[in-house]
Amino acid sequence: MFVFLSKVLDLLLAPLSWGLLLGVVGLLLRRRRARLAAGLQGLGLLVVYVFSLEPVANGLQRWVEAGAVSTYRPDTVYDAVIVLGGAVDADATERSGLPEYTHPVERILRGYELLRQGRARQVLISGGTLDTRPGALVEADILARQLRLWGVEPERMVLEGRSRNTRENAVESERLIREKGWRRLVLVTSAAHMPRALGTFEAVGLKPDTLVVDVRAHDWHLRGTWWQPRASNLSAGSDALRELFGRLVYRLRGWA
């Protein structure tokens with residue numbers, strides 16, 4: 001139930017949803033309250049426009065990534081690198097028959113580099129699926145397939161394909177880590193996700209080092225096109241807002 005509700009909240013936290021909702025309410029009120037209706041529609045357009053601007057999107061990204069710190073020690077050989085899911089486009093993978101990725105693909109790339117360089121003996125890939133169809137693709141399986149294509153031996157991989165969110169990533173990973181007896185761990189995930197992910201793993205008793213990847217915020221300078229709206233900015237800002245709300249929910253529930 002919580003997973004389902006979280007996806008509904010994802011929709012409600014998107015500025016595009018706010019703009020559409022204001023526009024619909026304005027349409028419903030246009031005959032009875034013409035001025036109010038026009039104001040709501042104008043506000044809806046303004047919301048979508050503002051969140052589509054680069055300075056707003058980049059500011060939100062910088063805010064959500066501010067607490068992400070890498071504590072990875074290059075002189076340490078880790079028992080395992082923990083790679084969190086969230087990087088696979090399952091629908092595209094199903095269509096093409098090959099692993100297809102989204103923005104956080106750096107998660108599996110950095111995990112692979114640590115294995116190849118001998119900085120980690122094994123990899124724990126944590127990521128399931130929200131697809132309830134029989135035979136649905138599981139992200140951990142897809143990422144393991146990619147590592148095999150890159151030459152990583154199957155015996156160096158431990159797969160956790162039951163989790164559907166960060167809380168379940170931590171709970172299921174802790175169980176496997178305890179069974180394996182691993183002590184030296186490094187957690188790999190996106191900069192925006194790392195503060196919540198680390199807090200969640202610490203809440204289940206794990207103390208991994210961290211390796212931050214997928215940094216999306218940048219040093220912004222006034223440019224001639226900063227005022228032009230972009231769909232990519234709207235998407236990035238929405239992602240940042242969802243992550244900020246996710247942190248609040250996890251704290252309130254005692255998960256992080």
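**Entry 1: the crossing of α4 and α10.** I looked up the handedness of the crossing of α4 and α10 and noted it as left-handed (the near helix is turned anticlockwise from the far one by less than a right angle). Helices here are DSSP runs of H or I with at least four residues, strands are runs of E with at least two, and both are numbered from the N terminus. The model is predicted: local features need pLDDT of at least 70, side-chain atom pairs count only at pLDDT 80 or more, and totals for chains, interfaces and linings use all residues. Residues are numbered from 1 along each chain as its sequence is written, and side-chain values use heavy atoms, without hydrogens and water.

**Entry 2: the residues between them.** I listed the contact (heavy atoms within 4.5 Å): α4 contributes Glu54, Ala57, Leu60, Gln61, Trp63 and Val64, and α10 contributes residues including Asn233, Gly237, Leu244 and Arg247.

**Entry 3: the largest nonpolar core.** I took a nonpolar core as a set of buried Ala, Val, Leu, Ile, Met, Phe, Trp, Tyr and Cys residues joined through side-chain atoms within 4.5 Å, where buried means under 20% relative accessible area with a 1.4 Å probe, protein chains only. The largest such core has 24 residues, and Val81, Leu114, Val123, Ile125, Leu147 and Val186 touch the most other members. I found that α7 (139–149) is among the elements that each supply at least two residues, and its share, 5 residues, is the largest.

**Entry 4: Leu147.** I noted that Leu147 touches Ile108, Tyr112, Leu115, Val123, Ile125, Val152 and Met157, leaving aside residues up to four places away in sequence.

Key: Buried means under 20% relative accessible area, exposed over 50%, partly exposed in between (1.4 Å probe, protein chains only).
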